[in-house]
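Here are some quick notes from a pass through this model, written as numbered points. Have the coordinates open while you read.

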Amino acid sequence: MASATDPKSSPRTGNLAQRLVVELTERIRGGKLMPGMQLPTEGAMAEEFGVSRTVVRDATAQLKAAGLVESHRGRGTFVLMMPQTSADGPLSPATNRAEVADLLGFRMGVEAEAASLAASHATDMQRVRIGQAADSFRTAVPHSAESQNADYEFHRAVALASRNRHFPELLDGLGPAMIAFPAFRLGEADSKEGTRAHEVIAAEHAAVARAVTDGDPETARAAMRLHLANSRRRILHAGDGGQGPATT
């Protein structure tokens, strides 16, 4: 039987853990901890929040149970997704490999048409912005929060250039978490396979940007459709444990 002073059985430990859960959830909701980002180490969080490691472990366990984070032995604990605060968005967030594949199938139809319209209607400034967004992804750290945001901004720039407000509104509703289920990104940044995948994806973005700049609607539609079809294939064939390349 645990003693009255055992931190694992202390009500105060539970209260502190709950406060830490609230704080970390707010950081995830506020974008300070983006999907795919690694949580600070157990020791770092204990020091920052002035709590014991037991409290940190309890809080992390609660976040795991809520589906907000996932731990991978030897790599750490990573943010999985943004918690839903309402049902107002156009689509609920994808939370597993199959749902991400379905989302990409949906995006193929939507974004391929957005790319075609962008090739027809984009302003000179919008064409420049699409090219800049493609370059930002290419130079970002592979499979990091930086690359995820750059990836999203590229797709959003194409949607804006369609000159149809419904396309960017849909992407805004999905947010950066639409890019990929973050668990699939874990461990990729330090692998040669992950770096090669990043380069392939950057080339796919460049093909879309080039077609839009050239004012070629059919090629832009085909390039975006091919890119998202390849992304769907990467998701479905990613290795177990989040080891395979999976970004969009």
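1. Let's start with R221, which is found in helix α9 (residues 217–236). Helices here are DSSP runs (H or I, at least four residues), numbered from the N terminus. A word on the ground rules: this is a predicted model, where local features need pLDDT of at least 70, side-chain atom pairs count only at pLDDT 80 or more, and totals for chains, interfaces and linings use all residues. Residues are numbered from 1 along each chain as its sequence is written, and side-chain values use heavy atoms, with hydrogens and water left out.

2. R221 counts as partly exposed because its relative accessibility is 24% (buried is under 20% relative accessible area, exposed over 50%, partly exposed in between, with a 1.4 Å probe and protein chains only). Leaving aside residues up to four places away in sequence, R221 touches A112, E113, A115 and S116; contact means heavy atoms within 4.5 Å. Take A115: it sits 106 residues from R221 in sequence, yet their C-alphas are 5.5 Å apart.

3. E218 counts as exposed, because its relative accessibility is 53%.

4. Have a look at helix α4 (residues 97–121) too. Its 25 residues reach 35 Å from first C-alpha to last, close to the 36 Å expected at 1.5 Å a residue; that expected span is 1.5 Å times one less than the number of residues. Even so, α4 bends by about 30° at R107, taking the angle between axes fitted to the seven residues ending there and the seven starting there.

5. How many salt bridges does a search of the whole structure find? The count is 12. One of them joins D172 to R156, with the closest N and O atoms 2.5 Å apart. This pair links distant parts of the chain, 16 residues apart: D172 is in helix α7 (residues 166–174) and R156 in helix α6 (residues 145–161). D172 is partly exposed at 38% relative accessibility, and R156 is partly exposed at 23%.

6. Two more for your list. R165 forms a salt bridge with E169, at 3.0 Å between the closest N and O atoms; R165 is exposed at 52%, whereas E169 is partly exposed at 41%. Finally, E23, R27 and E48 are linked in a salt-bridge network.

Key: Helices (H or I, at least four residues) and strands (E, at least two) are DSSP runs, numbered from the N terminus. A salt bridge is a side-chain nitrogen of Lys or Arg within 4 Å of a carboxyl oxygen of Asp or Glu.
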